[in-house]
Each structure stands twice: as C-alpha cells, then as structure tokens.
Amino acid sequence: MISILSSAVFSMPKSLERENQDSVLHPKQVNDGYLMAIADGVGGYKGGHEASSAAIMSLSKLTEEIKVDNIGKLFTSIRRDITALSSNDETLLSAATTLTVCHVNSSGLTIGHSGDCRVYIKQSNKLKQITKDHTQHQMLIDDGVFTARQLKNAKGKNIITTALSANIVLDFQALFIPTSELPLENGMLSLFIMSDGSHNIWETRPRFSDNTLSNACRFATSLKKRIELKGPIDDYSLIAVNIKFD
C-alpha cells in the first residue's frame, strides 16, 4: 500500500492578462495508486489551451492504472480526442499539447511522456531528471552534434519535436521504475512534475535545502516564489508529492 503524505500543485499563466496553456491533473487515486499529469498546450497555434484541457479531461476519466505496454494506446486515444476538437471548430485543426503522466502504486512508478515537461525524483540532496526532453536541443545532444554545455546558452532550446496533435507524428517515452529501484528515504518517495516554465527557472540554480526538497509544500512555495521573483518566461506548473510506501 502507498499513501500521499503531502502534495502541492500550482499552474499559473505567464501573466494574468493571458490564458494559461498548461492544464494539470491533481493526484487522483486510481485503484491502489495515484495518477497525476501536466499537459502544456503548444504555443504558436490556436487551441493550445483546448488541447491541454482535452488531454487532462481524458486522463481524469481513467479507472485503470497505466502500464508501460498500454501507454501507446492511451496516448493514441488522447490524440484522437484532441483531433476531434476540430470537428466543431476548424481553426483548432493544429491544436497540440505536450503530456507527461505519472502513475505510482506499490509496484513502482510508471511514466508516459511526450514533449518537454519533466519528471524529477529526489535522490539524496538533489533532484534527478527521469524524462528526456523531446526538443531540437536534446536531439542534437543525442546525435553527438553538440554537448549539453555547448548548447546551454543557445537559442531555441524550447522548440519541441513531438506533441499530441492531428498534424504531428506521435512519439513518446514510456518507462517503469520498480519500487526496489526508487530512491526512497525512510520509505518515502519525493516526486515532481514540472512544465517548462517551471523547470527552466529551477535549472538556473537547481538546489534548495534538504528540508525544502523533502517537503512537497515547502518546495512548491519556494519554487513559485523564485519564478515570480525572476519573472516567468512561460506559463508555469508544478505537481509535487511525498508518497509513503508501507
């Protein structure tokens, strides 16, 4: 059995004058585990908010846990729901969203991921990134063209290479980490999902005190304050949870 000891969620627009393109599924109990997700509507096209909302709405209806071997089917189904948006409004034909979803149960952590939101887990006094960004920068790094250090200050780091949309070829990452391989501390997992508006600010100085990293509420408060002090560069969302494994 597992239980949530503490959780914190925020999802804010870059400015109060614009619509938030991020949508969030708060931790939801599904069978013996918890399901949570962030979808980030792709800017530059009409329908980013509608696409991310449709993705989260689809996920909120799930009554079965997700597994690595059914993530492809799940993402394809959500993609169909996004494609259906244009049946009532042709201007939404290019609507697109990223999607990063986690399901945690007593067996471990399952992740489905497409786009550039990120999943982190606390390991010792740091956050370890679990997902890989689907961006042009990451593609260049994977192909050995440049190193991460060489691209650190280059422009265009947020140009994504895949998303859920009628007009984009679906690509996704699916992985499972069994409980025996999770970095539990006193039986507790600290898990974080961030949209790019949050993790871009986090990565400028990826550290807090161990007490802050170990408490979902303190982490959320501190990160939100940091983002607002620096000035948001995009809509910014976070799901932070402390999960106890019995």
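A nonpolar core here is a set of buried Ala, Val, Leu, Ile, Met, Phe, Trp, Tyr and Cys residues joined through side-chain atoms within 4.5 Å; buried means under 20% relative accessible area, exposed over 50%, partly exposed in between (1.4 Å probe, protein chains only). The model is predicted, so to speak: local features need pLDDT of at least 70, side-chain atom pairs count only at pLDDT 80 or more, and totals for chains, interfaces and linings use all residues. Residues are numbered from 1 along each chain as its sequence is written, and side-chain values use heavy atoms, with hydrogens and water left out.

Start by selecting Met36, Cys102, Val104, Leu109 and Leu191: in the largest nonpolar core, which has 23 residues, these touch the most other members. Next, colour the strands (DSSP runs labelled E, at least two residues, numbered from the N terminus). Among those supplying at least two core residues each are E3 (33-41), E4 (96-105) and E11 (236-245). E11 gives the largest share, 4 residues.

Now zoom in on Cys102. Leaving aside neighbours within four places in sequence, its contacts (heavy atoms within 4.5 Å) include Tyr34, Met36, Leu109, Val119 and Leu191. Apart from this core lies another, of 21 residues, including Leu25, Val30, Leu35 and Ile56.

Then pick Asp40, in strand E3. Asp40 counts as buried because its relative accessibility is 6%. Beyond four places in sequence, Asp40 touches Gln21, Thr97, Asp116 and Ser195, among others.

Finally, colour by pLDDT (the predictor's confidence in each residue, from 0 to 100). The protein chain averages 88, but over residues 136-156 the pLDDT is below 50.
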